[in-house]
Structures are given as C-alpha cells and as structure tokens.
Amino acid sequence: MTTSLTELPHDKPVALRVVPQPHDANVHGDVFGGWIMAQVDIAGAIPASRRANGRVVTVAVNSFVFKQPVFVGDLLSFYADIIRTGRTSITVDVSVYAQRMGLVGETVKVTEATLTYVATDSQRRPRELPPLG
Ligand SMILES: CC(C)(COP(=O)(O)OP(=O)(O)OC[C@H]1O[C@@H](n2cnc3c(N)ncnc32)[C@H](O)[C@@H]1OP(=O)(O)O)[C@@H](O)C(=O)NCCC(=O)NCCS
C-alpha cells in the first residue's frame, strides 16, 4: 500500500468533521467501512437537503472507493460538492481526508464517493427541486 500525503482542500468549506472512536472499529482494530459509509451519506445529504430546501432520501450510491484505511483517533474531514442536478435528484461527490492522530501534517485522502439523493414531499414522493436563487 502506498500512502500519498496531501493537504486539505483550501478552496471549499468542510461539510462535516468527526473523530472515529474505538466502538467504530472492526475486528482488526481499523475503522469499520460501514461506519465510514454512514458518515459519507450524512455529509452528502447536507448540500443536497440545502439545494432541495427540505427533505431528501438517498436513492443510490453510484461509486465508493476506500483508498486508505481509517484509524481510531484520526480527524476526518468530509467535503461534499453537488456535481449534477436533475428534475428531482441531486448527485453529490464526497471526498474524505484523514489527519492522522498525533502526526501533525500527515493528511491522506481516504475515501471518494458519489451518491444521488432525491427531494421528497411529505408523502415520500419525488418532489421537483426549487429554482436556484
Ligand atoms: C427515492 C425514491 C423516492 C424515488 O422514487 P421513484 O418512484 O423511483 O422516483 P423516480 O423514478 O421518479 O426517480 C426520481 C429521481 O431519482 C433518480 N433515480 C432513480 N433511481 C436512481 C438510481 N438508481 N441512480 C441514480 N438516480 C436514480 C431518477 O433519475 C429521478 O431523477 P430526476 O427526477 O432528477 O430525473 C424511492 O425509490 C424511495 O423512496 N427509495 C427509498 C429511499 C430510502 O429509503 N433511502 C435510504 C434512507 S434515506
């Protein structure tokens, strides 16, 4: 496994920051992939629900790559960008970076994912996105 160090993106706001705890680990002691997937879903839903001005549901995980392991105690930063909108759907790219615990300056990109959300009404039916602005 090669580890390429990087920096946090300076040109966009972070959607979510979280530090995985010991109870988020798998049987090998690294962070459980399903826990990371849940945080990615939460992070991606933030710009999606803002764009939808209300409720959204996740309809698809289009791609999901675990590029590097995540360790208990890492500071994880999630960046979420809307890359496409349709009539009712919003597709979001989520990039996750880990700042390794106790290793100042060691930052790695750990996960890259694309998810699609759908704006829904109170009956859970697809709802047309409101106009921009
Ligand atoms: C999301 C849901 C409301 C869509 O209902 P639906 O009757 O399939 O609606 P539609 O066929 O009109 O599709 C709605 C939008 O989703 C998009 N979509 C549907 N399936 C998709 C897929 N597999 N991948 C990407 N987009 C998809 C459609 O292209 C459409 O987008 P558009 O309006 O921008 O063109 C319904 O499938 C649902 O409730 N799913 C369960 C959601 C859920 O519980 N998620 C987990 C917890 S949040």
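Leaving aside its neighbours within four places in sequence, which residues is Val-61 in contact with? They are Thr-114 and Leu-115, where contact means heavy atoms within 4.5 Å.

The structure is a predicted model, in which local features need pLDDT of at least 70 and side-chain atom pairs count only at pLDDT 80 or more, while totals for chains, interfaces and linings use all residues. Residues are numbered from 1 along each chain as its sequence is written, and side-chain values use heavy atoms, with hydrogens and water left out.

Val-61 lies in strand 2; strands are DSSP runs of E with at least two residues, numbered from the N terminus. Val-61 is partly exposed, at a relative accessible area of 45%, a class that falls between buried (under 20%) and exposed (over 50%), with a 1.4 Å probe and protein chains only. Between Val-61 and Ala-113 there are 7.7 Å in space, C-alpha to C-alpha, although the two are 52 residues apart in sequence.

Polar contacts here are pairs of N or O atoms within 3.5 Å. A polar side-chain atom of Ser-89 is 2.6 Å from an oxygen atom of the ligand. For Thr-88, a side-chain N or O atom is 2.7 Å from a ligand oxygen.

How values were computed:
A polar contact is a pair of N or O atoms within 3.5 Å; within protein, one must be able to donate a hydrogen and the other to accept it, and residues adjacent in sequence count only if both atoms are side-chain atoms. Helices (H or I, at least four residues) and strands (E, at least two) are DSSP runs, numbered from the N terminus.
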